[in-house]
Amino acid sequence: MIAVIDTHCHLSNQRFDADREAVIARAQAAGVVHALSIGTGCADAEALLGLRARCGGWLAISAGLDPFSAHEAG
């Protein structure tokens, strides 16, 4: 079986507020062995820190600064 890694997801998005843990559980049950959740700005990336702690080594996080949030970095 091939290991599946989600290389770009947005688990901090408000759409997942009601069922974020269930979404993660379904991904893991479907065979996703690792995920990289991209924060859309500094505050969003910081919010992912707690989620990463709860997910153990399954979740990695990063911050993407697009033209609409780049001003936050500086």
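Which residue does the side chain of Ser12 join in a polar contact? Before I answer, please note that this is a predicted model, in which local features need pLDDT of at least 70 and side-chain atom pairs count only at pLDDT 80 or more, while totals for chains, interfaces and linings use all residues. Residues are numbered from 1 along each chain as its sequence is written, and side-chain values use heavy atoms, with hydrogens and water left out.

The partner is Asp44: the two side chains are joined by a polar contact of 2.7 Å. A polar contact here is a pair of N or O atoms within 3.5 Å; within protein, one must be able to donate a hydrogen and the other to accept it, and residues adjacent in sequence count only if both atoms are side-chain atoms. Ser12 sits in the loop between S1 and H1. It counts as buried because its relative accessibility is 17%, and buried means under 20% relative accessible area (1.4 Å probe, protein chains only). Leaving aside residues up to four places away in sequence, Ser12 touches Arg20, Ser37, Asp44 and Leu48, where contact means heavy atoms within 4.5 Å.

The chain has two helices and three strands, arranged along the sequence as β-α-β-α-β. These elements are DSSP runs, numbered from the N terminus, with at least four residues (H or I) for a helix and at least two (E) for a strand.

The three strands form an open sheet in the order S1-S2-S3, with parallel pairing. Strands S1 (4–9) and S3 are the edges, each pairing on one side only. S2 and S3 pair over five bridges; two strands pair if DSSP finds at least two bridges between them. Within this region, Gly39 stands opposite Ala63 in S3.

I turn next to helix H2, which comprises residues 42–55. Its buried residues are Asp44, Ala45, Leu48, Leu51 and Cys55. Their cover includes helix H1 (20–29), strand S2 (32–39) and strand S3 (59–63). After H2 comes Gly56, with a positive phi near 60°.

Finally, two totals for the chain. Of its 74 residues, 27% count as buried. Among contacts with a separation of 6 or more, 66% are between residues 24 or more positions apart.

Notes. Expected span 1.5 Å × (residues − 1). Buried < 20%, exposed > 50% of the residue type's maximum accessible area, 1.4 Å probe, protein only.
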